[in-house]
Amino acid sequence: MLLSFTEKEGGGVMEYNVHHISSQHDFAISGVSYIGNPKSHTAMFVTKKVEYLLNNMDGCFNCLIFVEKGISVPPYILNCNCIVFSDNPQREYAKFVNDLYNEYVIEERRRRYTQTQEGYYVGENVIIGKNAYIEPACFIGHNVLIGNNACILSGAVIKKSSIGDNILVGENAVIGAMGFTMTEDENGNKLRMPTLGNVCIGNNVEIGVHDNISCGSGGDTIIEDFVKLDALVHIGHDVYLGKNVEITAGSVIGGFTRLENNAYIGVNASVRNRINIGQNSIVGMGATVTRSVEPNITVAGNPARLFAEKKEC
(Lines give C-alpha, C1' and ligand atoms only; values in the text may rest on other atoms or scores of the structure.)
Protein backbone atom coordinates (compact mmCIF):
# COMPACT_ATOMS: atom_id res chain seq x y z
CA MET A 1 0.00 0.00 0.00
CA LEU A 2 1.52 3.33 -1.10
CA LEU A 3 -0.71 5.33 1.21
CA SER A 4 -0.10 5.12 4.95
CA PHE A 5 -2.31 6.29 7.81
CA THR A 6 -0.91 7.91 10.94
CA GLU A 7 -3.00 8.33 14.06
CA LYS A 8 -2.80 11.91 15.32
CA GLU A 9 -4.93 14.13 17.51
CA GLY A 10 -8.20 14.63 15.66
CA GLY A 11 -8.10 11.32 13.84
CA GLY A 12 -6.18 9.35 11.27
CA VAL A 13 -4.10 11.30 8.76
CA MET A 14 -3.32 9.83 5.35
CA GLU A 15 0.28 10.20 4.19
CA TYR A 16 1.93 9.55 0.83
CA ASN A 17 5.70 9.71 0.30
CA VAL A 18 6.58 11.38 -3.00
CA HIS A 19 9.66 9.19 -3.51
CA HIS A 20 7.19 6.85 -5.26
CA ILE A 21 7.02 9.55 -7.96
CA SER A 22 10.51 11.07 -7.82
CA SER A 23 13.56 9.35 -6.33
CA GLN A 24 15.10 12.79 -5.79
CA HIS A 25 12.56 13.61 -3.06
CA ASP A 26 11.75 11.99 0.26
CA PHE A 27 8.89 13.69 2.09
CA ALA A 28 5.24 12.91 2.79
CA ILE A 29 2.12 14.78 1.75
CA SER A 30 -0.96 14.53 3.93
CA GLY A 31 -3.66 16.20 1.89
CA VAL A 32 -4.47 18.51 -1.01
CA SER A 33 -4.72 22.28 -1.40
CA TYR A 34 -5.38 24.97 -4.00
CA ILE A 35 -2.63 27.13 -5.50
CA GLY A 36 -4.67 30.17 -4.50
CA ASN A 37 -4.24 29.16 -0.84
CA PRO A 38 -1.48 26.52 -0.78
CA LYS A 39 -0.40 24.58 2.27
CA SER A 40 2.82 22.71 2.94
CA HIS A 41 2.80 18.90 2.58
CA THR A 42 -0.09 18.89 0.11
CA ALA A 43 -0.70 18.05 -3.56
CA MET A 44 -2.06 20.56 -6.09
CA PHE A 45 -2.02 21.45 -9.79
CA VAL A 46 -1.18 24.64 -11.71
CA THR A 47 -2.37 25.47 -15.23
CA LYS A 48 -1.35 28.49 -17.30
CA LYS A 49 -4.69 30.07 -16.41
CA VAL A 50 -3.58 30.40 -12.77
CA GLU A 51 0.17 30.60 -13.30
CA TYR A 52 0.24 33.98 -11.56
CA LEU A 53 -0.83 32.29 -8.31
CA LEU A 54 2.55 30.56 -8.01
CA ASN A 55 3.65 33.58 -5.98
CA ASN A 56 1.46 32.22 -3.18
CA MET A 57 3.96 29.37 -2.73
CA ASP A 58 6.32 31.67 -0.83
CA GLY A 59 6.73 30.00 2.58
CA CYS A 60 5.24 26.66 1.46
CA PHE A 61 7.42 23.61 1.04
CA ASN A 62 7.31 19.82 0.58
CA CYS A 63 4.42 19.93 -1.86
CA LEU A 64 3.68 17.74 -4.87
CA ILE A 65 2.75 20.13 -7.70
CA PHE A 66 1.52 19.08 -11.14
CA VAL A 67 2.49 21.96 -13.45
CA GLU A 68 1.54 22.63 -17.07
CA LYS A 69 4.48 22.48 -19.47
CA GLY A 70 5.70 25.91 -20.52
CA ILE A 71 5.24 27.49 -17.10
CA SER A 72 8.42 28.98 -15.63
CA VAL A 73 8.64 27.84 -12.01
CA PRO A 74 10.84 30.02 -9.77
CA PRO A 75 13.94 28.27 -8.35
CA TYR A 76 12.82 28.64 -4.73
CA ILE A 77 9.70 26.58 -5.58
CA LEU A 78 11.64 23.98 -7.58
CA ASN A 79 14.13 23.48 -4.76
CA CYS A 80 11.56 22.98 -1.98
CA ASN A 81 8.91 20.89 -3.72
CA CYS A 82 8.38 17.95 -6.07
CA ILE A 83 7.37 19.37 -9.45
CA VAL A 84 5.78 17.16 -12.13
CA PHE A 85 5.45 18.85 -15.54
CA SER A 86 2.57 17.72 -17.75
CA ASP A 87 0.60 18.72 -20.85
CA ASN A 88 -2.56 18.31 -18.73
CA PRO A 89 -1.73 18.80 -15.02
CA GLN A 90 -5.39 18.74 -13.98
CA ARG A 91 -5.79 15.25 -15.44
CA GLU A 92 -2.57 13.97 -13.88
CA TYR A 93 -3.59 15.44 -10.54
CA ALA A 94 -7.03 13.80 -10.86
CA LYS A 95 -5.46 10.40 -11.50
CA PHE A 96 -3.16 10.81 -8.51
CA VAL A 97 -5.94 11.95 -6.20
CA ASN A 98 -8.20 9.11 -7.36
CA ASP A 99 -5.49 6.62 -6.39
CA LEU A 100 -5.23 8.27 -2.97
CA TYR A 101 -8.99 8.28 -2.58
CA ASN A 102 -9.36 4.61 -3.51
CA GLU A 103 -6.88 3.59 -0.82
CA TYR A 104 -8.52 6.01 1.61
CA VAL A 105 -11.91 4.37 0.98
CA ILE A 106 -10.44 0.92 1.62
CA GLU A 107 -9.10 2.13 4.95
CA GLU A 108 -12.37 3.85 5.87
CA ARG A 109 -14.40 0.70 5.19
CA ARG A 110 -12.40 -1.13 7.81
CA ARG A 111 -13.76 1.22 10.45
CA ARG A 112 -17.03 0.59 12.27
CA TYR A 113 -20.18 2.51 13.05
CA THR A 114 -22.19 2.13 16.24
CA GLN A 115 -25.91 2.64 16.66
CA THR A 116 -26.59 4.63 19.83
CA GLN A 117 -29.48 4.16 22.24
CA GLU A 118 -31.01 7.31 20.77
CA GLY A 119 -31.17 5.65 17.35
CA TYR A 120 -28.48 7.48 15.38
CA TYR A 121 -25.21 6.09 13.99
CA VAL A 122 -21.78 7.35 14.98
CA GLY A 123 -18.34 6.52 13.58
CA GLU A 124 -14.95 6.18 15.22
CA ASN A 125 -13.06 9.02 16.92
CA VAL A 126 -16.11 11.31 17.04
CA ILE A 127 -16.28 14.12 19.61
CA ILE A 128 -19.71 15.53 20.51
CA GLY A 129 -19.96 18.41 22.99
CA LYS A 130 -22.21 18.86 26.00
CA ASN A 131 -26.01 19.08 25.82
CA ALA A 132 -26.23 17.68 22.30
CA TYR A 133 -29.65 16.72 20.96
CA ILE A 134 -29.41 14.28 18.05
CA GLU A 135 -32.55 12.65 16.68
CA PRO A 136 -32.88 9.08 15.38
CA ALA A 137 -31.71 8.20 11.84
CA CYS A 138 -28.87 10.72 11.88
CA PHE A 139 -25.41 9.63 10.68
CA ILE A 140 -22.18 11.04 12.16
CA GLY A 141 -19.05 10.00 10.23
CA HIS A 142 -15.54 9.20 11.48
CA ASN A 143 -13.41 11.95 13.06
CA VAL A 144 -16.28 14.47 13.16
CA LEU A 145 -16.08 17.16 15.84
CA ILE A 146 -19.33 18.77 17.05
CA GLY A 147 -19.41 21.51 19.69
CA ASN A 148 -21.73 22.13 22.63
CA ASN A 149 -25.52 22.50 22.44
CA ALA A 150 -25.88 20.90 19.02
CA CYS A 151 -29.38 20.25 17.69
CA ILE A 152 -29.27 17.77 14.80
CA LEU A 153 -32.62 16.68 13.44
CA SER A 154 -33.71 13.37 11.93
CA GLY A 155 -31.97 12.11 8.80
CA ALA A 156 -29.05 14.54 8.87
CA VAL A 157 -25.67 13.24 7.63
CA ILE A 158 -22.41 14.81 8.85
CA LYS A 159 -19.01 13.70 7.50
CA LYS A 160 -15.49 15.15 7.38
CA SER A 161 -16.53 18.15 9.47
CA SER A 162 -15.52 20.27 12.42
CA ILE A 163 -18.47 22.18 13.87
CA GLY A 164 -18.64 24.83 16.60
CA ASP A 165 -21.18 25.44 19.36
CA ASN A 166 -24.95 25.92 19.01
CA ILE A 167 -25.34 24.32 15.58
CA LEU A 168 -28.84 23.67 14.25
CA VAL A 169 -28.99 21.10 11.44
CA GLY A 170 -32.36 20.56 9.76
CA GLU A 171 -33.91 17.28 8.66
CA ASN A 172 -32.05 15.37 5.91
CA ALA A 173 -29.30 17.96 5.53
CA VAL A 174 -25.93 16.64 4.31
CA ILE A 175 -22.71 18.23 5.56
CA GLY A 176 -19.47 16.95 4.02
CA ALA A 177 -20.81 15.58 0.73
CA MET A 178 -18.41 14.92 -2.14
CA GLY A 179 -18.03 17.93 -4.40
CA PHE A 180 -18.65 17.88 -8.16
CA THR A 181 -15.33 18.48 -9.94
CA MET A 182 -14.58 16.83 -13.27
CA THR A 183 -11.80 16.60 -15.83
CA GLU A 184 -11.29 14.27 -18.83
CA ASP A 185 -9.06 11.27 -19.42
CA GLU A 186 -7.03 10.69 -22.60
CA ASN A 187 -10.15 9.44 -24.43
CA GLY A 188 -12.30 12.41 -23.51
CA ASN A 189 -14.28 10.51 -20.88
CA LYS A 190 -15.29 12.30 -17.70
CA LEU A 191 -12.97 11.71 -14.75
CA ARG A 192 -14.02 12.70 -11.23
CA MET A 193 -11.61 14.52 -8.93
CA PRO A 194 -12.37 13.34 -5.37
CA THR A 195 -12.80 16.03 -2.74
CA LEU A 196 -10.39 15.20 0.07
CA GLY A 197 -10.88 18.36 2.14
CA ASN A 198 -13.22 19.05 5.05
CA VAL A 199 -16.04 21.34 6.17
CA CYS A 200 -15.28 23.81 8.98
CA ILE A 201 -18.30 25.46 10.60
CA GLY A 202 -18.23 28.14 13.31
CA ASN A 203 -20.62 28.92 16.17
CA ASN A 204 -24.35 29.71 16.09
CA VAL A 205 -24.85 28.43 12.54
CA GLU A 206 -28.12 27.10 11.10
CA ILE A 207 -28.21 24.53 8.29
CA GLY A 208 -31.63 24.16 6.67
CA VAL A 209 -33.74 21.16 5.68
CA HIS A 210 -32.27 19.21 2.72
CA ASP A 211 -29.23 21.47 2.44
CA ASN A 212 -26.15 20.02 0.73
CA ILE A 213 -22.71 21.29 1.81
CA SER A 214 -19.75 19.89 -0.12
CA CYS A 215 -16.42 19.29 1.53
CA GLY A 216 -13.34 21.03 0.16
CA SER A 217 -11.58 19.90 -2.99
CA GLY A 218 -8.32 21.85 -2.74
CA GLY A 219 -8.74 22.86 0.88
CA ASP A 220 -11.76 23.24 3.19
CA THR A 221 -15.28 24.58 2.84
CA ILE A 222 -15.55 27.25 5.55
CA ILE A 223 -18.69 28.62 7.19
CA GLU A 224 -18.10 31.35 9.75
CA ASP A 225 -20.13 32.27 12.86
CA PHE A 226 -23.84 33.16 12.69
CA VAL A 227 -24.34 32.01 9.08
CA LYS A 228 -27.98 31.09 8.38
CA LEU A 229 -28.97 28.78 5.52
CA ASP A 230 -32.60 28.24 4.53
CA ALA A 231 -33.94 24.95 3.10
CA LEU A 232 -32.72 23.35 -0.16
CA VAL A 233 -29.49 25.35 -0.35
CA HIS A 234 -26.44 23.93 -2.16
CA ILE A 235 -22.96 25.05 -1.06
CA GLY A 236 -20.21 23.93 -3.45
CA HIS A 237 -16.74 22.72 -2.57
CA ASP A 238 -14.19 25.18 -1.12
CA VAL A 239 -16.79 27.91 -0.62
CA TYR A 240 -16.16 30.55 2.05
CA LEU A 241 -19.15 32.07 3.87
CA GLY A 242 -18.27 35.03 6.10
CA LYS A 243 -19.98 35.96 9.36
CA ASN A 244 -23.73 36.60 9.31
CA VAL A 245 -24.18 35.52 5.70
CA GLU A 246 -27.83 34.68 4.96
CA ILE A 247 -28.79 32.39 2.07
CA THR A 248 -32.48 31.79 1.41
CA ALA A 249 -34.32 28.77 0.00
CA GLY A 250 -33.30 27.08 -3.23
CA SER A 251 -30.06 29.01 -3.77
CA VAL A 252 -26.94 27.51 -5.35
CA ILE A 253 -23.39 28.66 -4.57
CA GLY A 254 -20.66 27.39 -6.94
CA GLY A 255 -17.29 26.06 -5.83
CA PHE A 256 -14.42 28.32 -4.66
CA THR A 257 -16.82 31.27 -4.27
CA ARG A 258 -16.44 33.75 -1.38
CA LEU A 259 -19.35 35.48 0.31
CA GLU A 260 -18.06 38.17 2.65
CA ASN A 261 -19.62 39.21 5.96
CA ASN A 262 -23.35 40.06 5.96
CA ALA A 263 -23.94 39.12 2.33
CA TYR A 264 -27.55 38.17 1.52
CA ILE A 265 -28.63 35.77 -1.23
CA GLY A 266 -32.30 35.88 -2.31
CA VAL A 267 -34.62 32.96 -3.01
CA ASN A 268 -33.54 30.67 -5.90
CA ALA A 269 -30.49 32.75 -6.79
CA SER A 270 -27.51 31.08 -8.49
CA VAL A 271 -23.93 32.23 -7.93
CA ARG A 272 -21.28 30.86 -10.31
CA ASN A 273 -18.00 29.37 -9.14
CA ARG A 274 -14.80 31.31 -8.35
CA ILE A 275 -16.30 34.77 -7.79
CA ASN A 276 -16.62 37.04 -4.75
CA ILE A 277 -19.75 38.57 -3.23
CA GLY A 278 -18.75 41.65 -1.24
CA GLN A 279 -19.73 42.36 2.34
CA ASN A 280 -23.20 43.81 2.98
CA SER A 281 -24.21 43.09 -0.63
CA ILE A 282 -27.63 41.76 -1.64
CA VAL A 283 -28.30 39.31 -4.46
CA GLY A 284 -31.94 39.54 -5.51
CA MET A 285 -34.48 36.74 -5.81
CA GLY A 286 -33.84 34.47 -8.80
CA ALA A 287 -30.67 36.31 -9.82
CA THR A 288 -27.94 34.58 -11.84
CA VAL A 289 -24.60 35.99 -10.72
CA THR A 290 -21.78 35.50 -13.22
CA ARG A 291 -19.34 38.16 -12.02
CA SER A 292 -17.99 39.30 -8.66
CA VAL A 293 -20.16 41.75 -6.75
CA GLU A 294 -18.73 44.84 -5.05
CA PRO A 295 -19.46 45.50 -1.34
CA ASN A 296 -22.58 47.37 -0.24
CA ILE A 297 -24.61 47.07 -3.44
CA THR A 298 -27.68 45.18 -4.67
CA VAL A 299 -27.73 43.13 -7.87
CA ALA A 300 -30.65 41.43 -9.58
CA GLY A 301 -31.64 39.79 -12.87
CA ASN A 302 -30.14 37.28 -15.32
CA PRO A 303 -27.31 37.99 -15.67
CA ALA A 304 -27.25 39.95 -12.42
CA ARG A 305 -26.67 43.71 -12.73
CA LEU A 306 -26.67 46.66 -10.38
CA PHE A 307 -30.23 47.18 -9.18
CA ALA A 308 -31.69 50.67 -9.21
CA GLU A 309 -35.27 51.27 -8.10
CA LYS A 310 -37.47 53.33 -10.41
CA LYS A 311 -38.53 56.58 -8.84
CA GLU A 312 -42.12 57.75 -9.15
CA CYS A 313 -42.67 61.01 -11.00
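Tutor: Y16, F45, F66, Y93 and F96 form one aromatic cluster. The model is predicted, so local features need pLDDT of at least 70 and side-chain atom pairs count only at pLDDT 80 or more, while totals for chains, interfaces and linings use all residues. Residues are numbered from 1 along each chain as its sequence is written, and side-chain values use heavy atoms, without hydrogens and water.

Student: How many aromatic pairs does the structure hold?

Tutor: There are six aromatic pairs. Rings of Phe, Tyr and Trp (its six-membered ring) pair if their centres lie within 6.5 Å; planes under 30 degrees apart are stacked, over 60 edge-to-face, and the rest tilted.

Student: Is the pair of F45 and Y93 tilted or stacked?

Tutor: The pair is tilted, because the ring centres of F45 and Y93 are 5.1 Å apart and the planes stand at 50°. F45 lies in strand β4 (residues 43-46) and Y93 in helix α2, so the pair ties together parts 48 residues apart in sequence. Helices (H or I, at least four residues) and strands (E, at least two) are DSSP runs numbered from the N terminus.

Student: And are those two residues, F45 and Y93, buried or exposed?

Tutor: F45 is partly exposed at 21% relative accessibility, whereas Y93 is buried at 3%. Buried means under 20% relative accessible area, exposed over 50%, and partly exposed in between (1.4 Å probe, protein chains only).

Student: What about F66 and Y93?

Tutor: The rings of F66 and Y93 are edge-to-face, because their planes are at 75°, with the centres 6.4 Å apart. This pair links F66 in strand β5 (residues 64-68) to Y93 in helix α2, 27 residues apart. F66 is buried, with a relative accessible area of 5%.

Student: Staying with helix α2, which side chain of opposite charge is nearest to R91?

Tutor: R91 lies in helix α2 (residues 89-108). Leaving aside neighbours within four places in sequence, R91 contacts T183, E184, D185, E186 and L191 (contact means heavy atoms within 4.5 Å).

Student: New topic: what is the strand order in the open sheet of eight strands?

Tutor: The order is β9-β12-β15-β20-β23-β26-β29-β32, with parallel pairing. The edge strands, β9 (127-128) and β32 (276-277), each pair on one side only. Strands β20 (residues 198-201) and β23 (residues 220-223) pair over four bridges, and V199 stands opposite T221 in β23. Two strands pair if DSSP finds at least two bridges between them.

Student: Where is the cis peptide bond, and which loop holds P303?

Tutor: The cis bond joins N302 and P303, with omega about -5°. P303 is in the loop between β35 (298-300) and β36 (305-306).

Student: What is the phi of N143?

Tutor: N143 has a phi near 65°, which is positive in a residue other than glycine. N143 sits in the loop between β11 (139-140) and β12 (145-146).

Student: What is the average pLDDT of the chain?

Tutor: The chain averages 91, and 94% of the residues score at least 70. Over residues 1-12, however, the pLDDT is below 50. This score is the predictor's confidence in each residue, from 0 to 100.
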